[in-house]
Amino acid sequence: MNIARHIALIDELCFRPFPAEHGPSDDGFGGPGHHVAVLETDDGPDGDPARRAVTVDRFEEDHDAVYEVLASRWGDTGPWNPRTGREETPEPWAWLAARAGAARVWEVQGTGRWVAVAVADRDPDDAIRLLAVVTKTPPP
């Protein structure tokens with residue numbers, strides 16, 4: 001875990017131009033109006049629920065450390081549940097909702113952008129990831 005590196009990347013994404021089309025980037029992927037950065041990832045599922053639980057706990061601790069830095073800068077926010085039940089959830093929020101149970105979200109004043117940080121652990125057959133989403137689309 002390198003919290004300083006995670007924060008530096010989030011800061012950069014707050015000002016990096018959005019790509020014109022969907023595709024991979026050096027730190028994740030992006031598309032019109034959003035960047036998704038994979039801050040940390042697990043090697044993937046190995047079928048051991050105990051190992052997965054330990055990994056989720058570690059990623060949650062890293063998430064909390066990133067949250068503390070961003071909350072000191074942009075304010076304390078309660079957990080946001082991306083599964084809002086709305087029929088039409090815009091991207092990248094729909095993508096995030098499919099992968100994470102909760103996120104911390106801030107509006108970054110003066111940039112026209114929103115930042116979300118979440119642990120993607122919904123799919124037991126997929127890798128666990130610590131994610132940062134930067135988008136111009138407000139959360140639903």
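**View 1. Trp80 is a buried residue at 16% relative accessibility.** Buried means under 20% relative accessible area, exposed over 50% and partly exposed in between (1.4 Å probe, protein chains only). The model is predicted: local features need pLDDT of at least 70, side-chain atom pairs count only at pLDDT 80 or more, and totals for chains, interfaces and linings use all residues. Residues are numbered from 1 along each chain as its sequence is written, and side-chain values use heavy atoms, with hydrogens and water left out.

**View 2. The whole structure holds four aromatic pairs.** Rings of Phe, Tyr and Trp (its six-membered ring) pair if their centres lie within 6.5 Å; planes under 30 degrees apart count as stacked, over 60 as edge-to-face and the rest as tilted. Phe29 and Trp95 are edge-to-face because their planes stand at 75°, with ring centres 5.0 Å apart. This pair joins distant parts of the chain, 66 residues apart: Phe29 in strand E2 (residues 28-31) and Trp95 in helix H3. Helices (H or I, at least four residues) and strands (E, at least two) are DSSP runs, numbered from the N terminus. Phe29 is partly exposed at 27% relative accessibility, whereas Trp95 is buried at 17%.

**View 3. Trp80 and Trp93 form an edge-to-face aromatic pair.** Their centres are 5.0 Å apart, with 75° between the planes. Trp93, at 0% relative accessibility, is buried.

**View 4. The charged end of Arg73 sits over the ring of Trp74.** The distance to the ring centre is 5.3 Å. A charge sits over a ring if NZ of Lys or CZ of Arg is within 6 Å of the ring centre and within 35 degrees of the ring normal. Trp74 also belongs to one aromatic cluster with Tyr67 and Trp106.
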